[in-house]
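Subject: Handover of a structure for your review

Dear colleague,

I am handing over the structure below for your files.

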Amino acid sequence: MSEQERLPETEAEWRERLTDDEYHILREAGTEPRNTSDLLHVEADGTFRCAGCGQELFESDAKFESGTGWPSFLEPAAEAAVDTQPDDGLLGARTEVLCRNCGGHLGHVFDDGPQPTGLRYCINGLALDFDPGE
Ligand SMILES: [Zn+2]
């Protein structure tokens, strides 16, 4: 999907672009069941892009095995790639991670990750497309 491509403007357009599962994660801030993502054990080099808009979000270098059941990253590919905002939901205060380009919900970031960042970006695999390559 080209990054130049126009973003959907209505929820109906998003429903056409995304699968039902992707729509639930990205547009309704859903969470996929743990250990269901086929991206969990990807070890190839490449780039994880937003499933909604194609923006580069995470590099394979930053991926680590967290044991949580969701793809986990030390840091985004670029500071400008993601937005964060407080999420004071039923599960307590967390920090939501969103794609800055399309506003899609990606997952949450926690401060219990390994060094050097100490961060754990806990991301739904359904919100990502893996692009093997450099
Ligand atoms: Zn996006």
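Strands β5 and β6, the latter covering residues 92–99, run antiparallel and are joined by eight bridges. Please bear in mind throughout that this is a predicted model.

A second open sheet consists of three strands in the order β2-β1-β9, and its pairing is antiparallel. Here β2 and β9 (128–132) are the edge strands; each has a single partner strand, so one side of each is left without a neighbour in the sheet. On average, neighbouring strands of this sheet are turned by 30 degrees against each other, direction ignored. Between β1 and β2 there are three bridges, in the antiparallel sense. Within this pair, Thr47 stands opposite Glu59 in β2.

Taken as a whole, the protein has two helices and nine strands. Along the sequence they follow the pattern α-α-β-β-β-β-β-β-β-β-β. The C-alpha trace spans about 40 × 40 × 30 Å along the principal axes. The radius of gyration is 14 Å, which agrees with the value near 14 Å that a compact globule of 134 residues would have. Of the contacts between residues at least 6 apart in sequence, 54% join residues that are at least 24 apart.

Turning to the interior, buried residues account for 28% of the 134 residues. The largest nonpolar core comprises 23 residues, and those with the most contacts inside it are Leu57, Leu106, Tyr121, Ile123 and Ala127. At least two residues of this core are supplied by each of α2 (20–28), β1 (46–50), β2 (56–59), β6, β7 (105–110) and β8 (120–123). In soluble globular proteins generally, nonpolar side chains tend to be buried together.

With which residues is Tyr121 in contact, leaving aside its neighbours within four places in sequence? The contacts of Tyr121 are Ser72, Phe73, Pro76, Val97, Gly107 and Val109.

The buried residues of α2 are Glu22, Tyr23, Ile25 and Leu26. Among the elements that cover these buried residues are α1 (11–17) and β7.

By way of contrast, Ala12 is placed in helix α1 and counts as exposed, because it has 8 C-beta neighbours inside 10 Å, where the limit for an exposed residue is 12 or fewer. Ala12 and His105 are 93 residues apart in sequence, and their C-alpha atoms are 17 Å apart in space.

- Ala29 follows α2 and is found in the loop between α2 and β1. Its phi is near 55 degrees, a positive value in a residue other than glycine. Ala29 is partly exposed, with 17 other C-beta atoms within 10 Å.
- Asn35 lies in the loop between α2 and β1. Although Asn35 is not a glycine, its phi is positive, at about 60 degrees. Asn35 is exposed, with 9 other C-beta atoms within 10 Å.
- The peptide bond from Gln115 to Pro116 is cis, and its omega is near 10 degrees. Pro116 has its place in the loop between β7 and β8.

With kind regards

Technical notes:
Residues are numbered from 1 along each chain as its sequence is written. This is a predicted model: local features need pLDDT of at least 70, side-chain atom pairs count only at pLDDT 80 or more; totals for chains, interfaces and linings use all residues. Two strands pair if DSSP finds at least two bridges between them. Helices (H or I, at least four residues) and strands (E, at least two) are DSSP runs, numbered from the N terminus. The radius of gyration is taken over C-alpha atoms; the globule rule is 2.2 Å times the number of residues to the power 0.38. A residue is buried if 20 or more other C-beta atoms lie within 10 Å of its own, exposed if 12 or fewer, and partly exposed in between; C-beta atoms are placed from the backbone. Two residues are in contact if their C-beta atoms, placed from the backbone, lie within 7 Å. A nonpolar core is a set of buried Ala, Val, Leu, Ile, Met, Phe, Trp, Tyr and Cys residues joined through C-beta atoms within 7 Å. Axes are lines fitted to C-alpha atoms, for helices over the stretch in contact, and angles run from 0 to 180 degrees between N-to-C directions.
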